[in-house]
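Good morning, everyone, and thank you for making time. Please have a look at the structure on the screen before I walk you through it.

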Amino acid sequence: MKFFLDTANLQQIKEAQELGVLDGVTTNPSLMAKEGVKGEDEIRNHYKQICEIVDGDVSAEVLSMTYDEMVKEGEELAALHPQITVKLPCTKDGIRAVKYFADKGVKTNCTLVFSVGQALLAAKAGAKYVSPFVGRLDDICSDGVALIEQIVNVYNYYGFETQVLAASIRHTQHIIQCMEAGADVSTCPLNAILGLLKHPLTDQGLEAFMKDAEKMKSEK
Ligand code: E4P
(Lines give C-alpha, C1' and ligand atoms only; values in the text may rest on other atoms or scores of the structure.)
Protein backbone atom coordinates (compact mmCIF):
# COMPACT_ATOMS: atom_id res chain seq x y z
CA MET A 1 0.00 0.00 0.00
CA LYS A 2 1.31 3.44 -0.93
CA PHE A 3 1.50 6.31 1.59
CA PHE A 4 0.57 9.81 0.52
CA LEU A 5 0.80 12.73 2.91
CA ASP A 6 -2.43 14.71 3.18
CA THR A 7 -1.06 18.21 3.67
CA ALA A 8 0.29 21.30 1.94
CA ASN A 9 2.81 21.89 4.77
CA LEU A 10 6.28 21.83 3.22
CA GLN A 11 8.05 21.04 6.50
CA GLN A 12 5.88 17.97 7.14
CA ILE A 13 6.35 16.82 3.53
CA LYS A 14 10.15 17.12 3.96
CA GLU A 15 9.97 15.14 7.24
CA ALA A 16 7.94 12.33 5.66
CA GLN A 17 10.18 12.28 2.58
CA GLU A 18 13.25 11.95 4.83
CA LEU A 19 11.61 8.98 6.54
CA GLY A 20 11.88 7.28 3.15
CA VAL A 21 8.34 5.88 2.94
CA LEU A 22 6.51 8.69 1.14
CA ASP A 23 4.90 7.88 -2.23
CA GLY A 24 3.05 11.14 -2.93
CA VAL A 25 1.05 14.07 -1.58
CA THR A 26 -2.59 15.14 -1.69
CA THR A 27 -3.78 18.67 -1.11
CA ASN A 28 -7.17 20.36 -1.19
CA PRO A 29 -8.22 24.03 -1.08
CA SER A 30 -8.65 23.89 2.72
CA LEU A 31 -5.15 22.44 3.25
CA MET A 32 -3.62 25.06 0.91
CA ALA A 33 -5.49 27.91 2.66
CA LYS A 34 -4.29 26.60 6.03
CA GLU A 35 -0.70 27.21 4.86
CA GLY A 36 -1.61 30.79 3.90
CA VAL A 37 -1.12 30.17 0.15
CA LYS A 38 -2.91 32.94 -1.78
CA GLY A 39 -3.22 33.99 -5.43
CA GLU A 40 -2.37 32.17 -8.65
CA ASP A 41 1.40 32.69 -8.53
CA GLU A 42 1.75 31.54 -4.93
CA ILE A 43 -0.47 28.51 -5.57
CA ARG A 44 1.57 27.42 -8.59
CA ASN A 45 4.84 28.04 -6.82
CA HIS A 46 3.67 26.02 -3.81
CA TYR A 47 2.74 23.01 -5.97
CA LYS A 48 6.12 23.19 -7.69
CA GLN A 49 7.88 23.22 -4.31
CA ILE A 50 5.92 20.15 -3.19
CA CYS A 51 6.86 18.34 -6.42
CA GLU A 52 10.53 19.12 -5.81
CA ILE A 53 10.44 17.56 -2.33
CA VAL A 54 8.51 14.36 -3.06
CA ASP A 55 9.10 11.79 -5.84
CA GLY A 56 5.52 10.60 -6.49
CA ASP A 57 2.16 12.01 -7.58
CA VAL A 58 0.98 15.34 -6.13
CA SER A 59 -2.76 16.00 -6.25
CA ALA A 60 -3.65 19.61 -7.04
CA GLU A 61 -7.37 20.35 -6.79
CA VAL A 62 -9.21 22.62 -9.23
CA LEU A 63 -10.99 25.60 -7.70
CA SER A 64 -13.73 25.78 -10.31
CA MET A 65 -17.16 24.14 -10.60
CA THR A 66 -17.95 24.03 -14.33
CA TYR A 67 -16.56 21.62 -16.96
CA ASP A 68 -14.99 24.35 -19.15
CA GLU A 69 -13.30 26.03 -16.20
CA MET A 70 -12.11 22.69 -14.75
CA VAL A 71 -10.54 21.75 -18.08
CA LYS A 72 -8.76 25.11 -18.38
CA GLU A 73 -7.57 25.07 -14.77
CA GLY A 74 -6.60 21.39 -14.87
CA GLU A 75 -4.52 21.90 -18.01
CA GLU A 76 -2.66 24.75 -16.33
CA LEU A 77 -2.05 22.67 -13.21
CA ALA A 78 -0.88 19.61 -15.17
CA ALA A 79 1.56 21.80 -17.12
CA LEU A 80 3.28 22.85 -13.88
CA HIS A 81 5.09 19.54 -13.31
CA PRO A 82 4.87 15.91 -14.53
CA GLN A 83 4.05 14.77 -10.98
CA ILE A 84 0.88 16.87 -10.80
CA THR A 85 -2.36 14.87 -10.70
CA VAL A 86 -5.44 16.97 -11.40
CA LYS A 87 -7.91 16.58 -8.54
CA LEU A 88 -11.54 16.92 -9.62
CA PRO A 89 -14.77 16.67 -7.61
CA CYS A 90 -17.14 13.76 -8.22
CA THR A 91 -19.86 15.89 -9.83
CA LYS A 92 -21.37 15.73 -13.32
CA ASP A 93 -18.89 18.36 -14.58
CA GLY A 94 -16.06 16.75 -12.62
CA ILE A 95 -16.65 13.30 -14.14
CA ARG A 96 -16.78 14.86 -17.64
CA ALA A 97 -13.45 16.55 -16.89
CA VAL A 98 -11.96 13.26 -15.60
CA LYS A 99 -12.90 11.64 -18.94
CA TYR A 100 -11.43 14.60 -20.87
CA PHE A 101 -8.11 14.31 -19.05
CA ALA A 102 -8.06 10.48 -19.22
CA ASP A 103 -8.40 10.70 -23.03
CA LYS A 104 -5.41 13.06 -23.05
CA GLY A 105 -3.32 10.81 -20.77
CA VAL A 106 -3.41 13.32 -17.87
CA LYS A 107 -3.56 11.76 -14.37
CA THR A 108 -6.62 12.59 -12.28
CA ASN A 109 -7.82 12.04 -8.73
CA CYS A 110 -11.61 12.02 -8.40
CA THR A 111 -12.38 13.44 -4.97
CA LEU A 112 -15.29 13.89 -2.55
CA VAL A 113 -16.44 10.30 -3.12
CA PHE A 114 -18.92 8.93 -0.59
CA SER A 115 -20.60 6.04 -2.41
CA VAL A 116 -19.77 3.00 -4.53
CA GLY A 117 -21.86 4.47 -7.37
CA GLN A 118 -19.68 7.59 -7.47
CA ALA A 119 -16.56 5.37 -7.44
CA LEU A 120 -17.97 3.38 -10.38
CA LEU A 121 -18.42 6.58 -12.45
CA ALA A 122 -14.90 7.78 -11.55
CA ALA A 123 -13.42 4.46 -12.73
CA LYS A 124 -15.49 4.37 -15.92
CA ALA A 125 -14.35 7.92 -16.73
CA GLY A 126 -10.73 6.77 -16.34
CA ALA A 127 -9.56 8.38 -13.09
CA LYS A 128 -6.10 7.26 -11.95
CA TYR A 129 -7.25 7.57 -8.32
CA VAL A 130 -10.61 7.64 -6.59
CA SER A 131 -10.74 9.29 -3.16
CA PRO A 132 -13.43 7.96 -0.79
CA PHE A 133 -13.49 10.06 2.40
CA VAL A 134 -13.28 7.60 5.30
CA GLY A 135 -13.24 10.04 8.23
CA ARG A 136 -16.09 12.21 6.97
CA LEU A 137 -18.32 9.13 6.62
CA ASP A 138 -17.39 8.02 10.15
CA ASP A 139 -18.24 11.57 11.32
CA ILE A 140 -21.87 11.08 10.25
CA CYS A 141 -22.10 7.64 11.86
CA SER A 142 -21.58 5.81 8.56
CA ASP A 143 -18.78 3.27 7.93
CA GLY A 144 -15.92 4.74 5.90
CA VAL A 145 -13.76 1.62 5.92
CA ALA A 146 -16.71 -0.51 4.71
CA LEU A 147 -16.98 1.78 1.66
CA ILE A 148 -13.27 1.23 0.89
CA GLU A 149 -13.82 -2.54 1.00
CA GLN A 150 -16.92 -2.28 -1.22
CA ILE A 151 -15.11 -0.19 -3.86
CA VAL A 152 -12.04 -2.48 -3.82
CA ASN A 153 -14.30 -5.51 -4.39
CA VAL A 154 -16.21 -3.89 -7.26
CA TYR A 155 -13.02 -2.66 -8.95
CA ASN A 156 -11.40 -6.09 -8.63
CA TYR A 157 -14.50 -7.85 -9.93
CA TYR A 158 -14.68 -5.69 -13.07
CA GLY A 159 -10.92 -5.24 -13.50
CA PHE A 160 -10.89 -1.43 -13.21
CA GLU A 161 -7.40 0.01 -12.99
CA THR A 162 -8.38 3.07 -10.93
CA GLN A 163 -6.52 3.02 -7.62
CA VAL A 164 -8.50 3.31 -4.40
CA LEU A 165 -6.99 6.20 -2.45
CA ALA A 166 -8.38 6.16 1.08
CA ALA A 167 -8.76 9.84 2.05
CA SER A 168 -9.90 11.71 5.13
CA ILE A 169 -7.78 9.38 7.24
CA ARG A 170 -7.89 10.72 10.78
CA HIS A 171 -5.73 8.33 12.81
CA THR A 172 -3.34 5.39 12.74
CA GLN A 173 -6.01 2.71 13.11
CA HIS A 174 -7.72 4.03 9.95
CA ILE A 175 -4.49 3.24 8.03
CA ILE A 176 -4.48 -0.35 9.29
CA GLN A 177 -8.18 -0.79 8.53
CA CYS A 178 -7.83 0.63 5.01
CA MET A 179 -4.82 -1.61 4.38
CA GLU A 180 -6.87 -4.63 5.49
CA ALA A 181 -9.72 -3.49 3.22
CA GLY A 182 -7.35 -3.53 0.25
CA ALA A 183 -6.87 0.21 -0.43
CA ASP A 184 -4.08 0.92 -2.93
CA VAL A 185 -3.13 4.19 -1.23
CA SER A 186 -3.81 5.91 2.08
CA THR A 187 -3.39 9.65 2.26
CA CYS A 188 -2.71 10.55 5.85
CA PRO A 189 -1.69 13.25 8.29
CA LEU A 190 1.99 12.81 9.30
CA ASN A 191 1.04 11.94 12.89
CA ALA A 192 -1.09 9.01 11.72
CA ILE A 193 1.90 7.57 9.82
CA LEU A 194 4.27 8.12 12.76
CA GLY A 195 1.71 6.39 15.00
CA LEU A 196 2.45 3.15 13.14
CA LEU A 197 5.85 3.14 14.83
CA LYS A 198 4.44 3.19 18.34
CA HIS A 199 4.62 0.04 20.45
CA PRO A 200 5.42 -0.12 24.17
CA LEU A 201 7.32 -3.40 23.73
CA THR A 202 9.61 -1.69 21.19
CA ASP A 203 10.30 1.10 23.72
CA GLN A 204 10.86 -1.35 26.60
CA GLY A 205 13.01 -3.66 24.49
CA LEU A 206 15.16 -0.79 23.24
CA GLU A 207 15.62 0.57 26.77
CA ALA A 208 16.84 -2.87 27.96
CA PHE A 209 19.15 -3.28 24.96
CA MET A 210 20.64 0.19 25.53
CA LYS A 211 21.27 -0.58 29.22
CA ASP A 212 23.10 -3.79 28.25
CA ALA A 213 24.94 -1.92 25.50
CA GLU A 214 26.26 0.49 28.15
CA LYS A 215 27.46 -2.52 30.22
CA MET A 216 29.26 -3.94 27.20
CA LYS A 217 30.94 -0.60 26.52
CA SER A 218 32.09 -0.21 30.17
CA GLU A 219 33.31 -3.85 30.41
CA LYS A 220 35.69 -3.39 27.46
C1 E4P B 1 -7.65 14.36 0.50
O2 E4P B 1 -7.59 14.05 -0.64
C3 E4P B 1 -8.88 14.89 1.12
O4 E4P B 1 -9.17 16.15 0.62
C5 E4P B 1 -8.68 14.93 2.62
O6 E4P B 1 -8.19 13.67 3.01
C7 E4P B 1 -9.91 15.32 3.40
O8 E4P B 1 -9.65 15.10 4.76
P9 E4P B 1 -10.59 15.70 5.92
O10 E4P B 1 -11.91 15.03 5.85
O11 E4P B 1 -9.85 15.37 7.20
O12 E4P B 1 -10.70 17.18 5.68
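This is a predicted model: local features need pLDDT of at least 70, side-chain atom pairs count only at pLDDT 80 or more; totals for chains, interfaces and linings use all residues.

Which residues are around the ligand? They are Asp 6, Thr 26, Asn 28, Lys 87, Phe 133, Arg 136, Ala 167, Ser 168 and Arg 170, where a residue is counted if one of its heavy atoms lies within 4 Å of the molecule.

Residues are numbered from 1 along each chain as its sequence is written, and side-chain values use heavy atoms, with hydrogens and water left out.

Turning to individual atoms, a polar side-chain atom of Asp 6 lies 2.5 Å from an oxygen atom of the ligand, and for Asn 28 the corresponding distance to a ligand oxygen atom is 2.7 Å. Ser 168 likewise has a polar side-chain atom 2.7 Å from an oxygen atom of the ligand; a polar contact is a pair of N or O atoms within 3.5 Å.

Let me now move to the backbone. Leu 112, which is found in strand E5 (residues 108–113), a strand being a DSSP run of at least two residues, has a positive phi of about 60 degrees although it is not a glycine. Cys 141 is not a glycine either, and has a positive phi of about 65 degrees. Why mention this? Most residues other than glycine have a negative phi.

Technical notes:
A polar contact is a pair of N or O atoms within 3.5 Å; within protein, one must be able to donate a hydrogen and the other to accept it, and residues adjacent in sequence count only if both atoms are side-chain atoms. Helices (H or I, at least four residues) and strands (E, at least two) are DSSP runs, numbered from the N terminus.
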